[in-house]
Amino acid sequence: MNPLQKIGAFTAALATAFGAAYGVGTALGPAGPETTAAGHTGSHSSEPAARPSAGNLLPAGLQVSQDGYSLDLETTAVPAGRSSLRFVVRDADGAPVTRYETAHGKQLHLIVASRELTTYRHLHPVRAADGTWSTPVDLPAAGGYRVFADFVPAGAGEGLTLGSDLSVTGPYRASRAPAPAATATVDGYTVALEGTLAAGGESDLTFTVRRDGRPVTALEPYLGAYGHLVALRSGDLAYLHVHPHQEAEGEKTSGPEVSFAATAPSTGTYRLFLDFKIDGTVRTAAFTVGTDVAPAPGTGPGAHEETPHGH
């Protein structure tokens, strides 16, 4: 084979290889610009993400757009220390959303957490008439953060948690979440955790608040319950579904226990942030926890041996 024939054969083989690769790519579909390898959204497009099927539900907080709503974070970078955040929730047409249902006492809850899950803020921003939300924030350390907007659009019936990335500028020092422990102390209050997360299933978590070894029975109503729990998965910061077992009764106080049902989507390490209110002050107790494997139906605690499906 002469040189020209060799070049022709090589060109034909290369074309065949690219053609096969194109066919495979077409069959699998495009990767899309919105999702990175970690599962985070990478733009503030107002185009809604496709709703996942019932058998492939994504954990909350990993998407910037879902079910026709998008989180448009106007403030994408702030300096370490005191600053402010501005954002808009947009509908499928790109218009600002101005009507919300009240959930847990507020129209929208804003959670800001550092990627290392060492800094946590639970904020309640103010909405202007044009649909722009704003809030002051104090983020002491530089690095990457995740912002979560938790809300129920008017008439939607179900709530959404959308997430977007925030950069905090300044000298960066790496940090690491504390090791798992059954107790946490904040402002002289000791909070003990009983229970663990079950990967792939729902589990109960009970927190007991004490001061100087004595049970605290003066937990005040906060956001419709006697505590508010946020749970985030280490790594991608997936936002877990958590529900309190007991709602607050008017201005009546309670304690020392407050419990929740939590659903963990996978094995891994999680950070739990419990907000509780005493004497008008909200404090946060933080825990690092691992996961157990969820028991098969009919094999968990309290299951009846004579029935295969338990409760």
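How many bridges join strand 1 to strand 2 (residues 69-73), and do these strands run parallel or antiparallel?

A: Strand 1 and strand 2 (residues 69-73) are joined by two bridges and run antiparallel. The model is a predicted one, in which local features need pLDDT of at least 70 and side-chain atom pairs count only at pLDDT 80 or more, while totals for chains, interfaces and linings use all residues. Residues are numbered from 1 along each chain as its sequence is written, and side-chain values use heavy atoms, with hydrogens and water left out.

The two strands belong to an open sheet of five strands, arranged in the order 1-2-4-9-8 with antiparallel pairing. Strand 1 (65-66) and strand 8 (126-127) form the edges of this sheet, each pairing on one side only. Strands of a sheet pair through backbone hydrogen bonds, either parallel or antiparallel.

Strands (E, at least two residues) and helices (H or I, at least four) are DSSP runs numbered from the N terminus. The chain has 311 residues, and 39% of them count as buried; buried means under 20% relative accessible area, exposed means over 50%, and partly exposed lies in between (1.4 Å probe, protein chains only). Among contacts (heavy atoms within 4.5 Å) with a separation of 6 or more, 61% are between residues 24 or more positions apart.

The interior can be described through nonpolar cores, each a set of buried Ala, Val, Leu, Ile, Met, Phe, Trp, Tyr and Cys residues joined through side-chain atoms within 4.5 Å. The largest core has 28 residues, and those with the most contacts inside it are Leu197, Phe207, Leu272, Phe276 and Phe287. Several strands supply at least two residues each, including strand 12, strand 15 (201-211) and strand 21. Strand 20 gives the most, with five residues. Leu272 touches, among others, Leu197, Phe207 and Phe287. A second, separate core has 25 residues, including Val78, Phe87, Tyr100 and Val168.

Strand 21 (residues 281-289) also holds Thr288, which is buried because its relative accessibility is 6%. A polar atom of the Thr288 side chain lies 2.8 Å from the backbone oxygen of Pro178. The side chain of Thr288 also makes a polar contact of 2.9 Å with that of Arg271. A polar contact is a pair of N or O atoms within 3.5 Å; within protein, one must be able to donate a hydrogen and the other to accept it, and residues adjacent in sequence count only if both atoms are side-chain atoms.

The whole structure contains seven salt bridges, each a side-chain nitrogen of Lys or Arg within 4 Å of a carboxyl oxygen of Asp or Glu. One of them joins Arg283 to Asp187, with the closest N and O atoms 3.1 Å apart. Arg283 lies in strand 21 and Asp187 in the loop between strand 12 (183-186) and strand 13 (189-194), so this pair ties together parts that are 96 residues apart in sequence. Arg283 is buried, at 15% relative accessible area, whereas Asp187 is exposed at 52%. In another salt bridge, between Arg233 and Asp236, the closest N and O atoms are 2.5 Å apart, and both residues are buried. Lys252 pairs with Glu249 at 3.7 Å between the closest N and O atoms, and Glu249 is partly exposed at 45%. Finally, Arg115, Arg146 and Asp165 are linked in a network of salt bridges.

Conventions
Two strands pair if DSSP finds at least two bridges between them. Lists of a residue's contacts leave out its neighbours within four places in sequence.
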